Amino acid sequence: MSRSMRVAQDKILKVKQALSLHGYTQQSLARKLKLSRATIYNFLNGKPIYSLNFIEISEELDLDPLEIPEPPLERQNDGSVIDTLVQEIRQHCHDKIQTLYSNIQLLDIAQPVSIAELYVDVHILEQITSQQRVELSDLQRRIQSSTEDFDFRWIDTAIPKRVPGLEVATNYSRLMVLGKPGSGKTTFLQYLATQCSEGRFQ
């Protein structure tokens, strides 16, 4: 049976401030999330609501759903509560994510192609290229230390290595993925979404 959650009493003010900051009223937030006004009211006033609704409202208001609930959720450190919530979210979102993102329609093929068949792991630079620099002092030092022809091989060591996209997504909780049109940004994110909904990623 799905457990309910409620906002901790000392977090209610923070929750109401987040509602105002995002420009929502109780009614407009209920419309946006397709929830009842009673559910929104209960959330904002520390009354128990269905856990998936609690998480959905929290994320819409940019609140951490693990930081604002009433104990005992915060007191349990065995991970069982979080694991249960993750499973509930996966079950709740699985069909929608698979319907929206598991297939890609290509221009020259009549039938959609499964993203699992099409996806090729992308490799990502962890820093924006325009923000990668070699200091002039380092360049001068290397030139002066060269007794013969200048050795350009050291420049390769100054260029960051490309990291597999899945490794980057595993190591960072928040990402901004930048790239040229057609470089695979959307396909990469679709692949992450489908893998996560199936329990294969995170």
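1. K34 sits in the loop between α2 and α3, where helices are DSSP runs of H or I with at least four residues, numbered from the N terminus. The phi angle of K34 is near 60°, a positive value in a residue other than glycine. K34 is also exposed, at a relative accessible area of 75% (exposed means over 50%, with a 1.4 Å probe and protein chains only).

2. The model is predicted, with local features needing pLDDT of at least 70 and side-chain atom pairs counting only at pLDDT 80 or more, while totals for chains, interfaces and linings use all residues. Residues are numbered from 1 along each chain as its sequence is written, and side-chain values use heavy atoms, with hydrogens and water left out.

3. On either side of the K34 loop, helix α2 (residues 26-33) and helix α3 (residues 37-44) pack with their axes 8 Å apart and at an angle of about 120°. That angle makes α2 oblique to α3 (oblique covers what is left once under 35 degrees is taken as roughly parallel, over 145 as roughly antiparallel and 65 to 115 as roughly perpendicular).

4. In the contact between these helices, Q26, Q27, L29 and A30 of α2 meet R37, I40, Y41 and L44 of α3, contact meaning heavy atoms within 4.5 Å. Sorted by class, the residues involved are five nonpolar, two polar and one charged.

5. A further positive phi value in a residue other than glycine belongs to D62, again near 60°. D62 lies in the loop between α4 (51-60) and α5 (80-101), and D62 is exposed, with a relative accessible area of 62%.

Conventions. Axes fitted to C-alpha atoms, helices over the stretch in contact; angles between N-to-C directions. Helix = DSSP H or I, 4+ residues; strand = E, 2+ residues; numbered from the N terminus. Nonpolar A, V, L, I, M, F, W, Y, C, P; charged D, E, K, R; others polar. Buried < 20%, exposed > 50% of the residue type's maximum accessible area, 1.4 Å probe, protein only.
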